[in-house]
Amino acid sequence: MCEPNPALERAPTMTTAATDRLRSSISKMESAVKLFPSANTVTAPSRCSDVSAIWAPCICTLEMCIGWYPCGLKYCKGKPENALQSNGGGSYRCGIKTCRKCHQYSYYVREKQQCLWDE
C-alpha cells in the first residue's frame, strides 16, 4: 500500500528485530484501513439517510457541535450598573460573548446498519 520508509532503512540504533516489529505493525494498520470508493466505481454510494436497504453501503454523516464556548467580550450600551465603570454613557463590557461551532463528518460504511443515527 505504501512505499518503504527510508527512516527505517537508516536507523542504525534499531535492531533488526525491532525494525521487523515496526514493519509488521505498519502492515497490520494498513491492512485494517479500507479505501473510500473511488469515483470510477459503477455507482457512487448514496447518503445513508437516502438508502432504504439496511445492508446496502452508504455515506454516513455525523455532525459534532460545541454548543457553547467563549469567543469574545460582550459590550452593552447605556449606563453601567457600577458607577466606577462609567465611561461617559457609551458602551461598556458587560459579559462574555458565546459562540457555537459545528462540523459535519462524512465517511463510508459497508452497511447502513453501521450508521443508524443518520436518518
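Predicted model: local features only at pLDDT ≥ 70, side-chain atom pairs only at ≥ 80, totals over all residues.
## Basis of the model

Local features need pLDDT of at least 70, side-chain atom pairs count only at pLDDT 80 or more, and totals for chains, interfaces and linings use all residues. Residues are numbered from 1 along each chain as its sequence is written, and side-chain values use heavy atoms, with hydrogens and water left out.

## Overall layout

The protein chain holds two helices and two strands. Along the sequence they follow the pattern α-α-β-β. Helices (H or I, at least four residues) and strands (E, at least two) are DSSP runs, numbered from the N terminus.

Of the 119 residues, 13% count as buried. Buried means under 20% relative accessible area, exposed means over 50%, and partly exposed lies in between (1.4 Å probe, protein chains only). The protein chain exposes about 9,700 Å², and carbon and sulfur atoms supply 56% of that area. Accessible areas come from the Shrake-Rupley method with a 1.4 Å probe; for residues, only the protein chains shown count as cover.

A contact means heavy atoms within 4.5 Å. Among contacts with a separation of 6 or more, residues 24 or more positions apart account for 64%.

## Disulfides

A disulfide is a covalent bond between the sulfur atoms of two cysteines. Here the rule is a pair of cysteine sulfur atoms within 2.5 Å. The count comes to five disulfides. With the bonded cysteines numbered in sequence order, the pairing is 1-2, 3-10, 4-9, 5-8, 6-7.

Cys65 is joined to Cys102, with an S to S distance of 2.1 Å. The torsion about this S-S bond is about 110°, so the disulfide is right-handed. The pair links distant parts of the chain: Cys65 sits in strand E1 and Cys102 in strand E2, 37 residues apart. Cys65 is partly exposed at 34% relative accessibility, and Cys102 is partly exposed at 30%.

A disulfide also joins Cys71 to Cys99, S to S 1.9 Å. This link is right-handed, with 65° about the S-S bond. Cys71 lies in strand E1 and Cys99 in strand E2, so the pair ties together parts that are 28 residues apart in sequence. Both cysteines are partly exposed: Cys71 has a relative accessible area of 33%, and Cys99 has 22%.

Cys48 and Cys58 form a disulfide, S to S 1.9 Å. The link is right-handed, with 80° about the S-S bond. Cys48 lies in the loop between helix H2 (16-32) and strand E1 (58-77), and Cys58 lies in strand E1, so the pair ties together parts that are ten residues apart in sequence. Cys48 is buried at 0% relative accessibility. Cys58 is buried too, with a relative accessible area of 0%.

Both belong to the largest nonpolar core, which has seven residues: Cys48, Val51, Ala56, Cys58, Cys60, Val109 and Cys115. Such a core is a set of buried Ala, Val, Leu, Ile, Met, Phe, Trp, Tyr and Cys residues joined through side-chain atoms within 4.5 Å. Leaving aside neighbours within four places in sequence, Val109 is in contact with Cys48, Pro57, Cys58, Cys60, Gln114 and Cys115.

## Lys112

Lys112 is in the segment after strand E2 (91-109). Lys112 is buried, with a relative accessible area of 9%. A polar atom of its side chain lies 3.3 Å from the backbone oxygen of Cys48. Beyond neighbours within four places in sequence, the contacts of Lys112 include Cys48, Val51, Ala56, Cys58 and Glu119.

Notes: Polar contact = N/O pair within 3.5 Å; in protein donor to acceptor, adjacent residues only side chain to side chain.
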